[in-house]
Amino acid sequence: MNKYYLGIDLGSTTSKAVIINEHDEIVGRGITNTRANYKVAADIARDEAVYDARFTLLSARINKDMESKPEFKRYMNDIRLVFRFQQFTRRMEKLEAMLKKTADEFAYVNKGAICDALDKIINTIRPQIRSEFIHGDLGSKNQFFRDIVSEKYNFEVAKIGKELYEPLMLAFDKSITPIENEMVQYNFKELVLESMSALEDKYKGLADQQEDGSKEDWYWAELNAVRNNYKNVEYTLRQHIEDIASEDIHIANMVGTGYGRALLPFPEDCIKSEILCHAFGAHAVFPNTRTVLDIGGQDTKAIQVDSHGLVTSFHMNDRCAAGCGRYLGYIADEFGLSLNELGPEANKATKETTICSTCTVFAGAEVKELLHNGEERPNILAGLHKAIVQRAMSLIARSGGVKNEFTFTGGVARNEAVLKYVKDMVRSSYGDVKMNIHTDSIFMGALGGAMFARRNTELQPSTEKAQTVLN
Amino acid sequence: MAQEAQKEKSMVLQKEMVEGLFNELTKVKETGKKVCYTFVPGNLSELIRTFDMLPVYPEINALQSAMRKLSGGYIKEAEKHAHSEDVCTYVKCDVGMMLKGNIGPTGQKLPDPDILLLSYTGCFTFMKWFETLKREYPDARVIMLHTPYQENGKMTPEMIQYMVKQLQEEVIPVMEEVSGVKYDETKLKSILKHSKEAGDWIARIFDTTKHKPSPIDAYFAGVYYIGPINIGFRGTPEAVEYYKELYNEIMDRVKKGLGPITPEGEMKEEKYRLVVEGPPNWTNFREFWKIFYDMGAVIVASSYTKVGGVYDMGWRHDPERPLEALAEYCMNCYTNLNLPQRIELLSKCITDYKADGYVTNSIKSCNSFSAGQLAMMREIEDKLEVPVGFIESDLVDPRYFSYSNIKNRLESYFQMLSQRKLIGSEKEPAV
């Protein structure tokens with residue numbers, strides 16, 4: 001039986017899980033932004049990672065086919081996206097019911113209008129999201145359920161009019177959290193098969209679509225190739241799904257890390273500091289890493305590592321989280337933007353407005369003042385992004401500076417404006433240093449945890465213990 | 001459950017000394033003894049004693065208030081009187097305590113000062129502190145003895161002479177005038193003999209951490225050990241007796257192979273040996289200590305226990321050169337050493353006591369300790385390749401002690417140490 005190892009990183013904003021195999025290769029990753037208790041967050045992230053792992057195993061079965069025919073890869077990818085949509089739909093149905101229930105309990109005099117508006121919104125956004133999932137790439141944007149729904153929901157509410165604004169927003173606020181925090185179990189096999197059926201419809205429909213010039217030629221060429229050939233691999237896939245769906249993803253050991261680690265029901269030796277895990281994960285992906293900067297939700301860590309990926313020293317922000325992810329979250333709220341929109345918006349700046357205060361709370365007041373004075377939004381955002389990177393740079397300096405190679409991890413590494421300033425400032429202060437940024441930067445802590453889990457087993461077999469915990 | 005702290009004979013002796021002093025302080029009206037407020041670093045307790053005066057140490061009162069959970073209220077009181085949030089919290093705690101009636105650590109009212117003696121100016125806040133006290137006690141005489149900083153890493157004959165001159169011309173005459181006692185050099189010499197002897201014992205005591213397991217914690221328990229010399233008993237036969245007794249008790253532990261005593265009894269397993277730079281946090285002293293002993297960490301040396309005198313490098317009071325000895329003592333204070341000297345001292349501790357790591361506790365409101373701490377840490381890390389850790393807290397302001405932050409940093413630090421110890425023992429990256 002294959003052995004797998006699980007790392008769970010319970011951060012202040014998101015919880016991440018990574019499953020690796022015996023060769024330290026990532027086979028599954030899962031992430032959730034649920035703010036439920038850490039046990040639920042860990043379970044959700046782990047389940048996500050297990051689904052992801054099954055997809056990895058499934059892809060491995062048809063690896064040869066995929067190598068020879070790139071369109072099969074595309075087909076697999078499509079299945080995963082639709083699978084995510086199916087998961088999304090299950091949760092969306094629950095949210096719709098919850099929204100209606102919440103509105104039903106309102107004591108507003110215009111309750112009827114509220115409920116009608118709610119129905120209208122739901123009926124508008126549901127097909128929108130479906131279309132984006134199936135025909136676009138919403139599933140691969142790493143967006144959370146809350147982000148996807150709230151963006152569309154808020155847009156529709158804004159169109160409806162002022163008098164219904166407050167009750168509609170209240171209904172959403174009251175409904176989203178319990179739904180987000182709910183453990184929803186999915187049947188892998190059922191969902192994959194449903195996804196394949198949904199794709200059949202999609203591919204059939206392709207013939208009717210005009211090549212309207214909105215996508216590049218290669219896009220249509222590839223899709224056409226998928227449409228014409230997917231049946232060949234679909235047959236093989238169906239044969240494997242049964243196997244994979246029932247395969248025991250045997251977690252031989254696990255390690256928990258992150259802020260919530262102490263709350264995990266794990267044995268003591270299965271709990272590791274996030275400093276060590278981030279460093280180890282980053283070093284595993286980029287073995288020449290000597291300095292790691294991790295900007296997470298509530299803390300920023302500057303870590304120095306040796307050639308084995310072991311921490312030699314570290315420095316963390318204290319007393320103030322102004323340079324962290326939560327700061328960006330707060331700023332996003334101030335501007336009424338989603339987190340994903342912050343970076344692109346900041347990158348439109350023509351100059352960086354100087355933000356004097358890097359205190360999260362004061363920055364809010366400063367932003368209002370600047371907007372009032374007619375300062376452009378992108379310029380203010382650029383200034384804010386620069387400010388948080390400056391704080392991170394000061395932390396790096398305290399920890400001993402940047403040594404070659406430099407790896408940037410954590411959720412904030414996904415923000416393109418932060419990335420830009422990190423690159424600029426590292427170059428200007430430390431010269432030509434190789435900088436590593438991975439698309440999976442947010443998973444580095446969980447990866448490090450999983451790698452520690454594998455090594456712990458080697459040192460002292462704790463399989464039984466880990467299994468007990470898992471069950 | 002916390003056990004009742006184990007009472008050793010030395011602890012009883014110390015308690016008697018402290019109680020005796022505070023009792024005497026409450027009776028000054030009857031006895032007519034004069035009171036001299038002064039600071040721990042560079043304290044001229046022998047000279048104060050020569051004139052039969054009684055010392056009061058505002059810093060000690062502040063830390064005692066913090067341990068008794070009173071500092072928060074005192075600080076608020078001082079802030080109400082316009083002391084800024086960023087001012088040294090020892091100062092604010094002291095000022096607040098005065099404003100609330102100047103009730104000392106034993107619950108008795110402290111007498112007003114007759115002299116405010118500032119014998120050390122490496123910490124410039126000390127000057128401002130006494131300027132503030134002077135306004136509160138306009139009748140007190142102020143003596144400012146300037147101590148030259150060891151900028152070039154040594155005490156030159158000129159520096160000593162400069163200080164002796166101040167002692168002769170500015171300090172002693174005022175003390176004679178206030179106390180009504182004539183300066184008696186023979187008496188000072190005999191007091192200094194005890195100081196020299198106490199210094200010898202202290203050096204021996206803090207050197208016992210070379211044993212494994214270390215019989216004492218040189219930081220958390222160390223602050224109690226330096227109590228007598230930091231509250232004015234240096235130069236007394238009682239202090240010598242205390243240190244002799246303490247040394248014997250410690251050697252008894254060494255013979256039995258015992259580790260240090262903690263508030264929860266004896267520490268069973270010594271996993272990590274650390275050297276700590278910076279004062280401890282006093283508001284959450286027990287909690288702070290617990291994080292260390294729970295993880296099996298023992299502090300084998302600390303810079304803080306050297307604030308009242310550095311005896312590690314061989315220096316002692318020389319009774320035959322009494323005023324020169326006092327001058328040297330002041331200049332030789334830990335925070336009056338330049339950074340390379342401090343690095344040398346700490347490096348010696350790390351090497352001699354085979355420390356696994358070096359931790360800095362950076363104090364928000366203490367300039368004299370904080371300046372250069374990071375640079376020292378980097379230098380020590382580079383030179384000795386010892387894993388370093390950095391935490392932040394404050395002296396006596398409870399608002400600046402974040403238990404979860406400190407615990408989080410220290411947990412990470414200890415895991416890092418354990419990883420590295422594993423590598424050290426296996427010589428391969430089996431993490």
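Please keep in mind throughout that the model is predicted.

I begin with chain A. Its secondary structure comprises 16 helices and nine strands. Chain A has 471 residues, of which 42% count as buried. If one takes the contacts in chain A between residues at least 6 apart in sequence, 74% of them join residues at least 24 apart.

Next, the interface. Here 19 residues of chain A are in contact with 20 residues of chain B. Which elements give two or more residues to the side of chain A that touches chain B? They are helix H9 (274-285), strand S7 (311-316) and helix H15 (444-459) of chain A. S7(A) gives the most, with six residues.

I turn now to chain B and to an open sheet of four strands. Its order is S2-S1-S3-S4 (chain B), and the pairing is parallel. Strand S2 (54-56) and strand S4 (141-144) of chain B stand at the edges; each has a single partner strand, so one side of each is left without a neighbour in the sheet. From one strand to the next, the twist averages 25°. Strand S1 (residues 35-38) and strand S3 (residues 115-118) of chain B pair in the parallel sense over three bridges. Thr38(B), for instance, has Leu117(B) in S3(B) as its bridge partner. Helix H8 (residues 157-179) of chain B packs on this sheet and touches S3 and S4 of chain B. The direction of H8 makes about 160° with that of S4(B).

My last topic is helix H17 of chain B, residues 373-384. Which residues of H17(B) are buried? They are Gln373(B), Met376(B), Met377(B) and Ile380(B). These four cover an arc of only 100° around the axis, and therefore lie on the same side of H17(B). As a general point, an α-helix has 3.6 residues a turn, so residues three or four places apart point the same way. The cover over the buried residues of H17(B) includes strand S7 (272-277), helix H15 (339-352), strand S9 (357-363), helix H16 (367-370) and strand S10 (388-393) of chain B. On the face turned away from the buried side, H17(B) carries the exposed residues Ala375(B) and Asp382(B). After H17(B) comes Glu385(B), whose phi is positive, near 50°.

Key. Residues are numbered from 1 along each chain as its sequence is written. Chains are lettered from A and ligands numbered from 1 in the order in which they are written. This is a predicted model: local features need pLDDT of at least 70, side-chain atom pairs count only at pLDDT 80 or more; totals for chains, interfaces and linings use all residues. Two residues are in contact if their C-beta atoms, placed from the backbone, lie within 7 Å. A residue is buried if 20 or more other C-beta atoms lie within 10 Å of its own, exposed if 12 or fewer, and partly exposed in between; C-beta atoms are placed from the backbone. The arc is that of the directions from the helix axis to the C-beta atoms. Two strands pair if DSSP finds at least two bridges between them. Axes are lines fitted to C-alpha atoms, for helices over the stretch in contact, and angles run from 0 to 180 degrees between N-to-C directions.
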